[in-house]
Amino acid sequence: MPLVTILYSTAIFLGAFLLFLVEPIAAKRLLPLLGGSSAVWVTCLVFFQSALLLGYLGAHWLATRFRSGAQALIYSGLLLAGLGQAVFSLHAELRASTLHPAVSVFMLLATLIGFPFVVLSSTNPLLQSWYVRERATAEGQYPLPYRLFALSNFGSLLALVLYPWLIEPRFSLHAQSSVWLGGFALFAVATLAIAWRSRRAVEHASLGENSSAGGNLAVPTAGVRVLWFLLPAAASVLLCAVTNYLSQNIAAIPLLWILPLTAYLVSFIWAFAGERYYWRRTMQGLLVVALAAVAFEISSGLSLSSALWNKIWSKQLTLPIQWSIALYCGALLLACLVCHAELYRLRPSARYATSYYLSLSGGGAMGAVLVGVVAPLVFRGNYELAWGLVAAVAVIHAATWKMGKPWQLLWLAATGAMITLAVLQMRSFRQDTIAQVRNFYGSLRVIQDFEPPAVVYSRTLIHGTIQHGKQVFTDELRKAPTTYYGHKSGVGLALDLCCGERPRRVGVIGLGTGTLAAYGRPGDVFRFYDINPQVPTLAGSLFTYLRESQAKIELVMGDARLSLAAEPPQNYDVLVIDAFSGDAIPVHLITAEAVELYRRHLTSGGIIAFHVSNKFLELPPVVAQQAEHAGLKYALISSQADDDSEIYSADWVLVTADEDFLDREEIANAASEIENIPGLRLWTDDYNSLLPVLKKSKIKWE
């Protein structure tokens, strides 16, 4: 391999690696400011795709508007500006507004990594254009540049895999940022050397107007340019939609987002490695089978008030979680592979390479915007996957039109089937749903069920697969705490035993249906914190816990930690932390700094009640470590389910300085031992990792 190829390959690989590495680092710095909602990460993806588009636009502008010397000079200036911002942002003080979270995400990321990210984004297309011209021979032959794109995606994939499994568990956030800064400085030196080395060679090379070197098309038509945009847009929509669907409808498993993103990057590597690795008819045939399997799995779980439908689906198909995840990720891989391989088939000559990459990044950004920004405004439920399948099949149909009538009819039928699936899913979600709303923080549904033979109904607040409270409307249970909050649960014992008969002051992070308000007595104050402004509306209008409570109810909107930090000491007798049941847990609510903040708001014998019921995370050892670090005592209370009272099994860790409270018979008899996790480090704002507490061998794939 020529030395120049090694130089360019190394720079492109390093740039892509740093680009993907900085994404989770920057996102983690935002969490203490905007909460741990998965919506923060989705909005980050929109920013990353948009910044990538801006970088590709800059590369196209430089490569087509300036001579080589000017290109090197401008790019050098951008590199130095990016390096300067990276140094400055290492110790930058950040502020955010939860009233406008999406805007805050964009502004914070622009402040942290704006210039460096755009510069890294522009590296791949710009260096490819330099590489092609520098290696141009006297006969006008040009090397194939597109495999360098496959190499860059391999660098991205390597960063994706290494970060959660190697980097995050071992290094603090500050150390990660410092090492990344060193890597960016090394990248800047290498690319500056390439820029000034290649400027003369670029001057002497000329890309012919009709040359097809490096691609299949000499002069792309308008229709081809449209496909350059639509094919990556369809793949990007599917990536975001499958990620949301897996976490909200299949299993709330932390780090699950890595699998679909891996499939997406592998499809790029596979497609751009060369046409000989893409067996066109075979791959499309496999994709049709995979789409049929996905449609079958989704439709089997739909509930429709139709006798014919219920006859067809007399028994719901339930796949084990691991098979469902494999099915969706496999279908995503095939769909993205077909989209990206068809995109590769339409690659232009080297002359149009930068505009080709610009269209590609524009499509990717549009796909992320459609799912992350438009879908929450247009859809009340999570319908992106079904409609994303419609879009993908339609685009593939257009891209493969020339394959002949049989394939045209096949993809036409597939498009019709996906449209039918999308319509049926929307109808099914509306059935038994008395309210459905959606905003930045996700989609919320209130389901009403009737329980025969008595005319008894219950209402449940659901976010994806997670229940946030249930109320049974009978005289016996309407005012009784249900689900995870029964009297024998940890929080129930804390509220019942903490204060005798005197009035209590209680803080609750996480409102849900307001179930804990059922514990309210005359003179009590229950102060609820919630980041989602739609939750109080649903809890107050469709559930009666808040309005029928005997306590005074106060609501504070915004991220709880930010709200507590801005308030004077509240003197809580019990502070309930109930925010760790989902896939994107707000880690900033369980760090050493957070516990210190909680202590400021407690009475001298106050209790912090952590709700640690989580199917996939072993959180009790984390809380125990925090308690020991703060000089406090703790007890794990694991309560059993009671179906007659709609009580679920629950795990709570009670943390307090009052040893006499923990020694009470009711607490001591219910307490369980907390097993230590070897090597677990104390979580702080600067260091935290979900990998050590992930129940790898204990997960029940049901």
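A nonpolar core is a set of buried Ala, Val, Leu, Ile, Met, Phe, Trp, Tyr and Cys residues joined through side-chain atoms within 4.5 Å; buried means under 20% relative accessible area with a 1.4 Å probe, protein chains only. This is a predicted model, in which local features need pLDDT of at least 70, side-chain atom pairs count only at pLDDT 80 or more, and totals for chains, interfaces and linings use all residues. Residues are numbered from 1 along each chain as its sequence is written, and side-chain values use heavy atoms, leaving out hydrogens and water.

View 1. Of the 702 residues, 59% are buried.

**View 2. The largest nonpolar core has 127 residues.** Cys44, Phe48, Tyr75, Leu109, Ile113, Trp180 and Phe272 have the most contacts inside it. Helix α11 (residues 321-345) gives the most to this core, 16 residues.

**View 3. Ile113 touches Val22, Ala26, Phe47, Phe48 and Gln85.** Residues up to four places away in sequence are not counted. Contact means heavy atoms within 4.5 Å.

**View 4. An open sheet is formed by 8 strands.** Their order is β7-β6-β5-β8-β9-β11-β10-β12, with mixed pairing. Two strands pair if DSSP finds at least two bridges between them. The edge strands, β7 (552-557) and β12 (671-672), each pair on one side only.

**View 5. Strands β8 (residues 572-577) and β9 (residues 602-611) pair in the parallel sense.** The pairing spans 5 bridges. Ile577 stands opposite Phe610 in β9.

Definitions and conventions:
Buried < 20%, exposed > 50% of the residue type's maximum accessible area, 1.4 Å probe, protein only. Helix = DSSP H or I, 4+ residues; strand = E, 2+ residues; numbered from the N terminus.
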